[in-house]
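User: I am new to this structure. Please show me how to read it, one feature at a time.

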Amino acid sequence: MAAAKIQKTIARQQEKISEGQFYEAHQQLRVIASRYVKAENWDAAIDLLYGGALALLKAGQGGSGGDLGIFLIDVLGKAGKECGVEEKST
């Protein structure tokens with residue numbers, strides 16, 4: 001259920017990104033991820049930040065995508081998780 005909710009959130013933000021609403025998508029992703037972090041729902045925060053950063057970077061929004069990427073690394077540290085290719089592919 002939670003994974004489906006995260007995928008819906010990412011899809012909504014990807015729609016905003018495709019419409020050129022980069023700032024709005026970036027801020028909403030940050031707020032939602034922060035809520036997950038506060039609740040210590042690490043996996044949800046990580047998935048959301050990864051998907052959001054990737055979507056923004058693909059849209060050429062290096063500042064916003066980079067910001068979410070840095071937030072992702074911070075969350076991985078707080079969660080005590082590694083951040084390598086092997087961890088993301090599992």
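This is a predicted model: local features need pLDDT of at least 70, side-chain atom pairs count only at pLDDT 80 or more; totals for chains, interfaces and linings use all residues.

User: How many salt bridges does a search of the whole structure find?

Analyst: A salt bridge pairs a side-chain nitrogen of Lys or Arg with a carboxyl oxygen of Asp or Glu, within 4 Å. The search finds four of them here. One of these joins K16 and E24, with N and O 3.1 Å apart.

User: Is K16 buried or exposed? And what about E24?

Analyst: K16 has a relative accessible area of 18%. Buried means under 20%, so K16 is buried. E24 is partly exposed, at 34% relative accessibility.

User: Which residue forms a salt bridge with D67?

Analyst: R30 does. Their closest N and O atoms are 2.7 Å apart. This pair links distant parts of the chain: R30 sits in helix α2 (residues 22–38), D67 in helix α4 (residues 62–79), and 37 residues separate them.

User: How accessible are D67 and R30?

Analyst: D67 has 22% relative accessibility and counts as partly exposed. R30 is partly exposed too, with a relative accessible area of 28%.

User: Where does K81 find its salt-bridge partner?

Analyst: Its partner is D43, and the closest N and O atoms lie 2.7 Å apart. Again the pair links distant parts of the chain. D43 belongs to helix α3 (residues 42–58), while K81 is in the loop between α4 and α5 (85–88). The two are 38 residues apart. K81 is partly exposed, with a relative accessible area of 38%. D43 is partly exposed as well, at 45%.

User: Now the histidine. Where is H26, and is it buried or exposed?

Analyst: H26 lies in helix α2. Its relative accessibility is 9%, under the 20% cut-off, so H26 counts as buried.

User: What is H26 in contact with, leaving aside its neighbours within four places in sequence?

Analyst: H26 is in contact with L56, S64, D67 and L68.

User: Where is E40 found, and is it buried or exposed?

Analyst: E40 is in the loop between α2 and α3. At 56% relative accessibility, over the 50% cut-off, E40 counts as exposed.

Methods: Residues are numbered from 1 along each chain as its sequence is written. Side-chain values use heavy atoms; hydrogens and water are left out. Buried means under 20% relative accessible area, exposed over 50%, partly exposed in between (1.4 Å probe, protein chains only). Helices (H or I, at least four residues) and strands (E, at least two) are DSSP runs, numbered from the N terminus. Contact means heavy atoms within 4.5 Å.
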